[in-house]
Structure formats: structure tokens, C-alpha cells
Amino acid sequence: MSGTGSIAEVGTPSARSRALAVLRVRSRALAVGLLPAAVAVVLVSARTTGRLAGDPWPAVTLAVCAVAAFVLLVGGIFAAVVLRASPAMTPTVPLAESAAPDLYRLVRDLADRMDVPAPSAIALTPDCDSWLEDRTHAAHRRARGRTAISGGAAGAGGPESEPGAAPVLVIGSPFLWWMRVAELRAVLAPVVAGTGPSAHPDIADARGFVRGLDAAVDVGGRRFLGWIAAPARLLLRLCRVDAAEMERGVAAAASDRAQGVDYALRIVAQEQVGLAYAGWDRLLTRVAVPAWRMGRWPAHLDAGVVSALTELSRRDRLADGFTSRLGERPACDLLDQPGAVDEAASLLAARLFHGGPAEAGPDWSPVDWAAYPEEVVDRKWRTEAARLLAALDALSAPSVPAASTVERVLTYLADADADALAGRLSGDLAREAVPAVAAAAAGRGADALPLFPLEAPRSGRDLLADHVVALVCCAAVDSAGGEPGLDWLDGPVLLVAGVRRADLAGPVLSLVEDRDPGPLRDWLAEVGVRPEKPVRLV
């Protein structure tokens, strides 16, 4: 493309100078590795011409040759590791052009308008971010995505990039569902513009060197290759500042290049980015996490983002007017089969943020939003209620008859030390997690470990309060006509006569923190819950 040279040469002088500085580090490292060999060549030449006759030069020449051979061997192994080590590649959902021709057309049109190379492929990430990712490494070309979307169906392949190809455009999947087409175009413009600087040979070479060093540090953790990490870290330290400044220069050049494309709309679109992130975070932590813990994964998280953000817009006066955008064409219309893409992105989100398997199975099945209250919320409450009562059984005297009632918990927490029950629950949860982690490590390897865990450690009293709430909700469902429900921003909720009861947390905290059962007894009486009636457990 004619514009490649212009943006590479004119738009990135600072980035290019920093790239050359990075490459100078590589050249100096190469010179240091070749220096003993050069000295050995000089000594051998001098010996063969008779200029260094007599002692101690034969021994010196032999020693220098041995050192040179050793350094060349070590340097060759190190260079091979840097060249062949596979740089980290973000797990994504590859999106074939046949599955999203309109989206590919939009991206190519952006590239044409900015006179830069078009990205070689498009992939989706279940996060609120977008970037360019170089996947031209041989290991990346051999890799195949497990959740590729091709022609609207799940397949085995993914976007591959040949050597020298433009980087892959990674788009946050929540953007496609919340943003309108024009907003997505405005947000992607500065990202796509980055393909221009990426095409500059010096910048591409410097990036490849840094990525190779970074990958070599990871290789240094393997058996017999521990020595690789030290020189790789040293070279990374020597070029870290220049590499960071190079990337800043590339970003600045891309931003300048995109100034003429939907600049006015970009300000509004950036507001939508912040709103999308807020809704996405609430949806994951309040709605997705409870389902993941149950062995279920919501199959349409991105569609849920729209519901969550619509609810946020309704509640938050700062978001007034945002819902009026919903009459415009959503960016997910650029996909041939949005449902299949959403399902693949939702499964990947579960893997990244919770550590679930990469594929659905008997113990890891999808759940639709319509079935979420019964299949996730009700099951969550009854599982936690059963765990609470089992812990109480373990702490109670053998002569005390076991009963699955709210009254039993009320009496115990009002008279006994709540910390004992909280500690027992924490221990039980930890013991339940051990077999799951062991099985995951043995059977699924890295797929079972979350790369970006969402769940922070919780105190024993917080866990106890959650379990008491679950027991009370079960009792309300069983004896007071309550129903499990879903709030898009707060997750599982209790509905009584079709109205959400958000006033349960306070009375439960009074019981757990202050050993005062009065507020909770009043709440039970108001709702019509009979605390002496047994609760149905799992």
C-alpha cells in the first residue's frame, strides 16, 4: 500500500530512533558473543604466520580457542531460544471473515481512509479493550484456536499470520453488543492506524527482539535451561526504556493518523467505553461468578451487558440519554451469527476469569438467562444452606437433634460465638476446593487456572453472612411464596410477590456481627417466613 512508507517514515521518527536503540542493544550483545572468536582468529592467524612463536602462545591460543568455542555454543543456544521461543499470545476467539464480512469491511475501510495496511485478521477478547497483536511467530502460525468462529459455527482453526503480515486486530466483545456501529468505528480508528508504524522494518525487528527476550525469560523456568533467564533479563533491562518509548511513539503516531476519522464522535464513544467497562465488571463479578461456581457458564454474557448497562442507565442519572442510542444499529449486527460468537466469547471469559475448562461438558454446561434464577440462584442458595447446616452439625453437641431450620441458626448465633461457625465454613470451603484444583491440574492443565481471577479472598464472617442469607432465601421460597431472581447489576436476588427484597442484608449482619436476632425475626415475620419449618436442601 502506498501509505505504508509515508506513515512509517514520516509519522514515527521518535519511535524509529528508539527502535534503533533497541537494535543496538542486540548488536552489542552479538559483538560481545563474537569477541572471543575474533581474538581466537587473530591468535591462530598470528601463530600460523610465525609471529607468535614460542611459549606461552601455544597454551594461550588453545585456551582462547576453547573459550571462544564455549561462548559461541552458549551464545548460539541463547540466540536460538530467543528466535524460537513462542511469545505470549492472548487467548481470543478468532473470527473468520466468513463469520463477519461486514465487520471486516468496516475495518478495511478504516485502513483505506487512513492509508495504512489492513489488519491480517480479527479476533475477539471477552474484555473491554482493543489492540493489535503480532502473530507472525512460527509458533503462533502453528497454533490453532479451540473456539474459532468460522462461518458462524464453532470450528478448530483460527486466524493465522504469515511472516511479514499485518498484526491481528483484537476487539473487546462487549463493545460489539453495547456500542453502535458508528461508535465502534470511532473507537477502532486509532487502533487500526497502528498497523502503519507496525509495518516499519526497524520497529517490527525491535518488537520481535523484545518479545523473544520476554519469551526466553519464561523458557528459563524449564529444566536444564535455567541459565537462559539471567542474560534475557539483563538485555530486557538494557532496552526496557527505549522499548517503552518506542511504543509511546507508535501510539502517538497512530493517534495523529486517526485524527481525521470520526474525531468528534470518538469523544462520545470513549464515554461508552467507560460505561461498558463498568457494566461488564458488575456483570462478571455479581452475575457470572455465582454461575461459574455452580459449574454453569452464562452462554450470552455480551447480550447480558446490554441489559446490565440499560439498567445502569435507568438507575444512574449520570447515564441519562445513553439508552436513546439503543435505537441505532448495534455493532453486533456486523456479525452473521451473533449468538454463536457470544457463546464462544462467554466460554472464553469463564476460562480466563474463573479457570473453567475450554470446552463444555457434563459438569460445565451453559445456562440461558431465562433459566438462570432456577438453575443457578436457587441451586446456589440451597448448596450454601446445606453447607451452613452441615457446619452447624459438626459444631453442635451429639445430643442436639439436627434440624434444617432457620430457627436453629438463629438460636445458635444468638447464644454462641459466631467466629467458630465462620471458621468452620471457611475450612469446609477450602477443603471442597482442594479436590477440584487437583483434578483440574491433572486433567486440564493450564486451562483450569484463571489468568485474570476476579474473586478476592473473603473473611469468615462475610462467608457466614452469605450462607445465612442463602438459608433465609430458601425458607422464603419454601414457605412464603418467594422466588429466586436475577438483577443485572447485583446478581442473585429474592423476589417476594414479584418485588425484590433488598433489605435482608442488614438484619443478617445484625445477627452475625452483633448476635442480635431481633431484626431478622422481624423481617421473617413481615415476609411470612416460618423459621421453625424445615428448609428443602439440595
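**Entry 1: helix H12**

I began with the cover of helix H12: its buried residues (buried being under 20% relative accessible area, exposed over 50%, partly exposed in between, with a 1.4 Å probe and protein chains only) are covered by elements including helix H6 (173-178), helix H11 (263-293), strand E7 (296-298) and helix H13 (338-353). I took contact to mean heavy atoms within 4.5 Å. Helices (H or I, at least four residues) and strands (E, at least two) are DSSP runs, numbered from the N terminus.

I note that this is a predicted model, in which local features need pLDDT of at least 70 and side-chain atom pairs count only at pLDDT 80 or more, while totals for chains, interfaces and linings use all residues. Residues are numbered from 1 along each chain as its sequence is written, and side-chain values use heavy atoms, with hydrogens and water left out.

The expected span is 1.5 Å times one less than the number of residues. I listed the buried residues of H12 as Leu-301, Asp-302, Gly-304, Val-305, Ala-308, Leu-309, Glu-311, Leu-312 and Ser-313.

**Entry 2: H12 against H13**

I next looked up how H12 meets H13: the two pack at an angle of about 90 degrees, and their axes are 7 Å apart. The axes are lines fitted to C-alpha atoms, for helices over the stretch in contact, and angles run from 0 to 180 degrees between N-to-C directions. H12 and H13 are therefore roughly perpendicular to each other; angles under 35 degrees count as roughly parallel, over 145 as roughly antiparallel, 65 to 115 as roughly perpendicular and the rest as oblique. On the H12 side I found Leu-301, Asp-302 and Ala-303 making the contact, and on the H13 side Asp-342, Ala-345, Ser-346 and Ala-349.

H4 (residues 101-114) has 14 residues, and I recorded a reach of 20 Å from its first C-alpha to its last, close to the 20 Å expected at 1.5 Å a residue. Its buried residues are Leu-103, Tyr-104, Leu-106, Val-107, Leu-110, Ala-111 and Met-114. Seen down the axis of H4, these fall within an arc of 160 degrees, so they line one face of the helix. The arc is that of the directions from the helix axis to the C-beta atoms. As background, I noted that an α-helix has 3.6 residues a turn, so residues three or four places apart point the same way.

Arg-105 and Asp-112 are exposed on the other side of H4. I found the buried residues of H4 packed against strand E1 (93-95), strand E2 (121-125), strand E6 (168-172), helix H7 (181-192) and helix H10 (229-257).

Asp-115 lies in the loop between H4 and E2. Its phi is near 60 degrees, a positive value in a residue other than glycine. I recorded Asp-115 as partly exposed, with a relative accessible area of 25%.

**Entry 3: the sheet E9-E10-E11**

I then turned to an open sheet of 3 strands in the order E9-E10-E11, with antiparallel pairing. Strand E9 (482-487) and strand E11 (499-500) stand at the edges with a single partner strand each, so one side of each has no neighbour in the sheet. Two strands pair if DSSP finds at least two bridges between them.

E9 and E10 pair over 6 bridges in the antiparallel sense, and they form a hairpin with 3 residues between them. E10 (residues 491-496) and E11 pair in the antiparallel sense over 2 bridges. I noted that Val-496 has Val-499 of E11 as its bridge partner.

Helix H14 (residues 372-395) packs on the sheet and touches E9 and E10, its direction making about 110 degrees with that of E9. Helix H17 (residues 460-479) also packs on the sheet, touching E9 and E10, and makes about 125 degrees with the direction of E9.

Ala-497 lies in the loop between E10 and E11. I found a positive phi of about 55 degrees there, although Ala-497 is not a glycine. At 74% relative accessibility, Ala-497 counts as exposed.

**Entry 4: Pro-373**

I located Pro-373 in helix H14; it is buried, with a relative accessible area of 16%. Not counting residues up to four places away in sequence, Pro-373 touches Asp-378, Pro-484, Gly-485 and Leu-486. Pro-484 has Leu-494 of E10 as its bridge partner.
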